[in-house]
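I opened a new model today and kept notes as I went. The entries follow in the order of my look-ups.

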Amino acid sequence: MNKIEHIGIAVKDMEFSCSLYERLLGATCYKKEEVVSEGVNTAFFKTGVNKIELLTATTTDSPIAKFLEKKGEGIHHIAFDVDDIVAEMARLKAEGFVLLNEEPKFGADNKLVCFVHPKGTNGVLVELCQELKS
Ligand SMILES: CC[C@@H](C(=O)O)C(=O)SCCNC(=O)CCNC(=O)[C@H](O)C(C)(C)COP(=O)(O)OP(=O)(O)OC[C@H]1O[C@@H](n2cnc3c(N)ncnc32)[C@H](O)[C@@H]1OP(=O)(O)O
Ligand SMILES: [Co+2]
């Protein structure tokens, strides 16, 4: 795995939180994108080499809706950049980690993604991200 690609933060009110993070980071949101398959709206910020992904739920059965209900707002996942997501998924599977999708799926910001179950990673939901070449 390479560097942290982004940190995902679950929020209830995207408009309020975008303005909050703009003031906090002194940076403007550079991209907003809905990912229908995940039931989320996303907003991205860059600060130095780091990237923050704010997430709100668009459906009641979205993972973000469930998370907000159970745990409230806060850090939802840590995403790592990988060069070859299929190879990394195979490596993690062989190491005994539980993958939440068998095939890479399309995420936000031009990425292929896969999630690793938080039960096997000390309670942290991990996302693998491979940049899609255009
Ligand atoms: C926009 C696309 C993408 C990107 O490009 O960056 C995204 O980031 S999308 C982000 C949203 N998508 C996902 O989170 C997909 C992967 N998540 C899942 O498949 C599920 O959320 C889950 C992790 C399997 C949990 O689902 P489920 O088992 O149905 O929910 P429960 O509420 O019953 O939780 C079971 C258990 O897991 C704990 N949990 C849930 N979410 C998290 C989390 N984010 N971090 C840590 N722990 C989490 C939850 O608390 C429960 O624990 P116990 O109560 O102790 O059993
Ligand atoms: Co993410």
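What radius of gyration would a compact globule of 134 residues have, and what does the protein have? I started there, bearing in mind that this is a predicted model. For 134 residues the compact-globule value is near 14 Å. The protein has 14 Å, so the two agree. I then took the box along the principal axes: the C-alpha atoms fill roughly 40 × 35 × 25 Å.

**Entry: fold**

I listed the secondary structure next. I found three helices and eight strands. Read from the N terminus, their order is β-α-β-β-β-α-β-α-β-β-β. I checked burial too: 29% of the 134 residues count as buried. Residues 24 or more positions apart account for 52% of them.

**Entry: ligand 1**

Which residues are closest to ligand 1? I noted Pro63, Gly107, Ala108, Pro118 and Leu125. The whole shell holds 26 residues. I sorted the shell by element. Those giving two or more residues are strand 3 (40–47), strand 4 (50–57), helix 2 (63–70), strand 5 (74–81) and strand 7 (111–116). Helix 2 supplies the largest share, with five residues. By residue class, I get 13 nonpolar, seven polar and six charged residues in the shell.

**Entry: helix 1**

I checked the length of helix 1, residues 14–25. Its 12 residues, at 1.5 Å each, should span 16 Å. The end C-alpha atoms are 16 Å apart, so the span agrees. Gly26 follows helix 1, and I noted its positive phi, near 65°.

**Entry: helix 3**

Which residues of helix 3 are buried? In this helix, residues 85–94, I found Ile85, Glu88, Met89 and Leu92. They cover an arc of only 100° around the axis, so they sit on the same side of helix 3. The general rule for an α-helix is 3.6 residues a turn, so residues three or four places apart point the same way. I turned to the other side of helix 3 and found Ala87, Ala90 and Ala94 exposed.

What do the buried residues of helix 3 pack against? I traced them to strand 7 and strand 8 (126–131). Strand 7 was already in my notes, as one of the elements giving two or more residues to the shell around ligand 1.

Gly96 follows the helix, with a positive phi near 95°.

Definitions and conventions: Residues are numbered from 1 along each chain as its sequence is written. Chains are lettered from A and ligands numbered from 1 in the order in which they are written. This is a predicted model: local features need pLDDT of at least 70, side-chain atom pairs count only at pLDDT 80 or more; totals for chains, interfaces and linings use all residues. Helices (H or I, at least four residues) and strands (E, at least two) are DSSP runs, numbered from the N terminus. The radius of gyration is taken over C-alpha atoms; the globule rule is 2.2 Å times the number of residues to the power 0.38. A residue is buried if 20 or more other C-beta atoms lie within 10 Å of its own, exposed if 12 or fewer, and partly exposed in between; C-beta atoms are placed from the backbone. Two residues are in contact if their C-beta atoms, placed from the backbone, lie within 7 Å. A residue is near a molecule or strand if its C-beta atom, placed from the backbone, lies within 6 Å of it. Ala, Val, Leu, Ile, Met, Phe, Trp, Tyr, Cys and Pro count as nonpolar, Asp, Glu, Lys and Arg as charged, and the others, Gly among them, as polar. The expected span of a helix is 1.5 Å times one less than its number of residues. The arc is that of the directions from the helix axis to the C-beta atoms.
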